Amino acid sequence: MYRAYEILIKFYLFYKIKNMDKDNIKKLLGKKIKELRIKRGFTQEQLSEKIGIGERNLSKIECGYNFITAETLSNLLTALNVKAKDLFDFDYYKKETDIKNEIINAIENDEVDIKTMYKFYIAIK
């Protein structure tokens, strides 16, 4: 039961990300990369060397001007020692109860496609 609930939350978060504009996603991802880089004690120069891109390119990614390639993503995950879900978790400050309430409110206010959510839930149940 808990697994289905956890996947439903992931679906909802993916749905929110999918419906964001691409510039907002780039900015949020860049902010998260910068936050993790600093938390791990890397300078831009050190991290860019570890992931095989130029320091200027890393700066553009962190500022939200450029998006990462699949290869850079893979290298970032390794260098920062995180999972992809952690990198794209833009609601990471929220408590689980807050996420539950947000999902319930989104359903009650018709902000999500409830039929798609239900099909997804039945598939994972």
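Visitor: Is the crossing of H3 and H5 left-handed or right-handed?

Guide: The model shown here is a predicted one. In it, the crossing of H3 and H5 is right-handed. Two packed helices are described by the angle between their axes and by the distance between those axes. For helix H3 (residues 44–51) and helix H5 (residues 70–80), the angle is about 120° and the axes lie 9 Å apart. Angles of 65 to 115 degrees count as roughly perpendicular and those over 145 as roughly antiparallel, so H3 is oblique to H5.

On the H3 side, the contact is made by Leu47, Lys50 and Ile51. H5 contributes Thr72, Asn75, Leu76, Ala79 and Leu80. Sorted by class, the contact of H3 with H5 has five nonpolar residues, two polar ones and one charged one.

The largest nonpolar core has 17 residues. Within this core, the residues that touch the most other members are Ile33, Leu47, Ile51, Leu76 and Leu80. Helix H2 (22–39), H3, helix H4 (55–62) and H5 each give two or more residues to this core. The most come from H5, which gives four.

Leaving aside residues up to four places away in sequence, Ile33 touches Leu58, Ile61, Glu62, Ile68, Leu76 and Leu87.

Note on methods. Residues are numbered from 1 along each chain as its sequence is written. This is a predicted model: local features need pLDDT of at least 70, side-chain atom pairs count only at pLDDT 80 or more; totals for chains, interfaces and linings use all residues. Side-chain values use heavy atoms; hydrogens and water are left out. Axes are lines fitted to C-alpha atoms, for helices over the stretch in contact, and angles run from 0 to 180 degrees between N-to-C directions. Angles under 35 degrees count as roughly parallel, over 145 as roughly antiparallel, 65 to 115 as roughly perpendicular and the rest as oblique. A crossing is left-handed if the near helix is turned anticlockwise from the far one by less than a right angle, and right-handed if clockwise. Contact means heavy atoms within 4.5 Å. Ala, Val, Leu, Ile, Met, Phe, Trp, Tyr, Cys and Pro count as nonpolar, Asp, Glu, Lys and Arg as charged, and the others, Gly among them, as polar. A nonpolar core is a set of buried Ala, Val, Leu, Ile, Met, Phe, Trp, Tyr and Cys residues joined through side-chain atoms within 4.5 Å. Buried means under 20% relative accessible area, exposed over 50%, partly exposed in between (1.4 Å probe, protein chains only).
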